[in-house]
Amino acid sequence: MTLWYDRPAADWETQALPIGNGALGATVFGGVGGERIQFNEKSLWTGGPGANGYDFGNWTSPRPDAIAEIRARIDRDGAMSPEAVAARLGQPRSGFGAYQAFGDLWLDMHDGPEFPEGAVTGYRRELDLREAVARVGYTANGVTHSREYFASHPGNVVVGRLSADRGGEVSFTLRTSSPRDDGQVSVSEGRLTVRGVLADNGMMFEAQVQVIARGGTRTDGTDEITVTGADSAVFVLSAGTDYSDVYPAYRTADPHATVTEAVDGASRRSYEELRAEHRADHRRLFDRVGLDLGQRTPAVPTDRLRAAYTGGASADDRALETMFFAYGRYLLIASSREGSLPANLQGVWNDSIDPPWAADYHVNINLQMNYWLAEQTNLAETTEPYDRYIRSLVAPGERTAREMFGARGWVVHNETNPFGFTGVHDWATAFWFPEAAAWLTLRMYDRYRFSGDIEYLRETAYPVMKGAAEFWLDTLHTDPRDGGLVVSPGYSPEHGDFTAGASMSQQIVFQLLTDTLEAAKTLRTDTAFQAEVTAALATLDPGIRIGCRGQLQEWKKDLDDPGDTHRHVSHLFALHPGRQIVAGTPEAEAARISLTARGDGGTGWSKAWKINFWARLLDGDRAHRMLVEQLGGSTLDNLWDTHPPFQIDGNFGATSGMAEMLLQSGHGTVHVLPALPSAWPTGSVTGLRARGDVTVDVSWRDGDADRVTVHAGTSGPLRVRAAMVGGRHHVEDERGGIVTPRRDGDVITIDAEAGGSYTIVKLAVP
Ligand code: FUC
């Protein structure tokens, strides 16, 4: 569970190693003559209130008939070009901003040789996923140097320690730099402070680094701190801004007090204590899931492991696959913890003031995808920032719904920022996606389906789902072709023409209304609203049609081009992450034909989508083939996913896809090893979560489960589907007592008791 390399990182994007605590992120280079630690704080953004011309994406002047006009033209002509729609409904983007690199921390080593020219031996740079610690070690001039870095969530700090195997050998100068010119640096009593204001929007920011040397001397300069002849030295860094997620001002207090408190607090404690607290915090989440595919610890560095990877099921290939699975979970823990913004397009890591797509929150697939793995891989806590963020979009999104659509509820379009940008811009093929709000809330309902937490449903999920549903109740259009309710104008991301009733639009709205109605019934609330939703569902086009080639249609009219290999496979939403399409049905077969036509190419995230699709189609070998495509063609040396460039959704999506290969639970049954590939004949997985508050451990041999334990969180019938159940087996409870569930083919139904564990054991043929 360790990524390791035999040389320092020469490049941020492809080689530096990430640590993070949700709010703070850092990437470690591991240079010998000098260390570079690039760091981030997730709320440091340009744009928004205070930035020139910020308008939340709302139309700057009313366009009362604009949407009706477009609808009428689509009704008349069947389609409209994205350019024509954008000319009428779009508007130039203004003050959107971009996620900002905070700065770099440099540790210039005194008399340290450069690598590789100098006499350095035993160099190793690593990222230990289980401990969430980055390390650097090497020997130079007869002295072995070690460095360790971690980002503590409980402490809200990044901590580093430099040490050597001989006393008095730690000597360096610590300084910072920023890609902007807006921070003032000061130093006092071993504490370096960077403080400033973003010129773009007036956002205040501050970082502090405390240096603590053991032995030797510490000298404070004007903008740097020098440690000479120490036995070891520790630094503690924290950073913050005056950002708050509350509309419309998005500002709170000067970050000085919070940053000071974090750095003071951590500086008073020993390194060992901070490290132990961090370790316990990380492992409480990370250790919940274990995957064993029969890998062994690779003898080669991770970059060479990846370069040699063929997916050919060698022990090394399986080691890379299990590491990649664990890495997705590691990255989510490191980039999404309570109290900060959700993971953005790059998680929390960014070295630029102008990152690709502003490292923003794209919500026509990307943000949703970032959280696919959260429930399944037992990291529900990491979704707190997501929920909080979605709820923060409601206030600005209500205004956009009202002003643009004259609708109740709330909406957000193709991409957004931390400042409630819920309107539009005018990039024709990627500006219009009002379905985003609906889709974003579905994850929250799914969290309820996993946990069964009714309080969460009532207080957190349902109110935002209801708002998203109200928007669509007011916005759906009656299609003159057949009287069905459709989304119009609608756009299947990010290609083709604007039409009415594109499959993805219909599927998302169908799922939203279905889930919201179910939720309202469960909560016994809003009877009149329930009636409204029921009526809409009766005429809503569900967005599932089989076309002339047997494919699942992407549009309501059969416009599909069989040669289309576009990276978005939007019309399969109903298969994944939706649940309208069930494997083994004619619609699933149609989805398979569409997916086959799209091909195995695509960007990093697109390949990750396809792992999930093939897993849902119960085709383990095809799912694995997509994993091979992703690891082989869309993964960097530091195992970050590349679109290109680096985009973290592919990491998260791949981990989700691997989990989907091992366990599914979308349709009322816990399906064990639904899509096990032949490349993983023997293995085990522990701690995966299934809907219905169930935790599952499975071990398998020769492609078939031999032991399955389901841990029930709640009482009631628990349906488990596993091929092994069709053969000789027995089921025992946690006390070893034999229980006799009902069986129907390969499904058994256990009368589970809350807190009970039930193990299905495969028995040898007599
Ligand atoms: C979506 C994708 C692009 C890219 C961008 C950030 O719009 O279509 O490929 O991932 O998000």
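## Close-up views of a predicted model

**View A. G103 lies in strand β5 (residues 103-109).** Strands here are DSSP runs of E with at least two residues, and helices are runs of H or I with at least four residues, both numbered from the N terminus. This is a predicted model: local features need pLDDT of at least 70, side-chain atom pairs count only at pLDDT 80 or more, and totals for chains, interfaces and linings use all residues. Residues are numbered from 1 along each chain as its sequence is written, and side-chain values use heavy atoms, with hydrogens and water left out. G103 is buried, at 1% relative accessibility. Buried means under 20% relative accessible area, exposed over 50%, and partly exposed in between (1.4 Å probe, protein chains only). Leaving aside neighbours within four places in sequence, G103 contacts I37, Q38, F39, S177, S178 and P179. A contact means heavy atoms within 4.5 Å. G406 is 303 residues from G103 in sequence and 44 Å away in space, C-alpha to C-alpha.

**View B. Strands β2 and β3 form a hairpin.** Three residues lie between the strands, and G22 in the turn has a positive phi of about 100°. Strand β2 (residues 17-20) and strand β3 (residues 24-28) pair in the antiparallel sense over 4 bridges. Two strands pair if DSSP finds at least two bridges between them. P18 stands opposite T27 in β3. Both faces of β2 are covered: L17 and I19 are buried on one side, P18 and G20 on the other.

**View C. An open sheet holds 7 strands.** Their order is β17-β24-β25-β26-β32-β28-β29, with antiparallel pairing. β17 (290-292) and β29 (738-739) stand at the edges with a single partner strand each, so one side of each has no neighbour in the sheet. Inside the sheet order, strand β25 (residues 694-701) pairs with strand β26 (residues 704-712) over 8 bridges. S699 stands opposite R707 in β26.

**View D. The largest nonpolar core has 228 residues.** A nonpolar core is a set of buried Ala, Val, Leu, Ile, Met, Phe, Trp, Tyr and Cys residues joined through side-chain atoms within 4.5 Å. F172, Y330 and L513 touch the most other members. Another core, of 12 residues, lies apart from it; F150, V263, A266 and Y271 are among its members. Not counting residues up to four places away in sequence, F172 touches residues including L107, M109, L162, V211 and I225.

View E. A polar side-chain atom of H568 lies 2.6 Å from a ligand oxygen atom. For W605, the distance from a side-chain N or O atom to a ligand oxygen is 2.9 Å. For N366, it is 3.1 Å. The protein covers 98% of the 290 Å² of accessible area that the ligand has on its own. Areas come from the Shrake-Rupley method with a 1.4 Å probe; for residues, only the protein chains shown count as cover.

**View F. T525 sits in the loop between α14 (503-523) and α15 (527-539).** T525 is partly exposed, with a relative accessible area of 25%. Not counting residues up to four places away in sequence, T525 touches Y462, A520 and Q530.

How values were computed
Polar contact = N/O pair within 3.5 Å; in protein donor to acceptor, adjacent residues only side chain to side chain.
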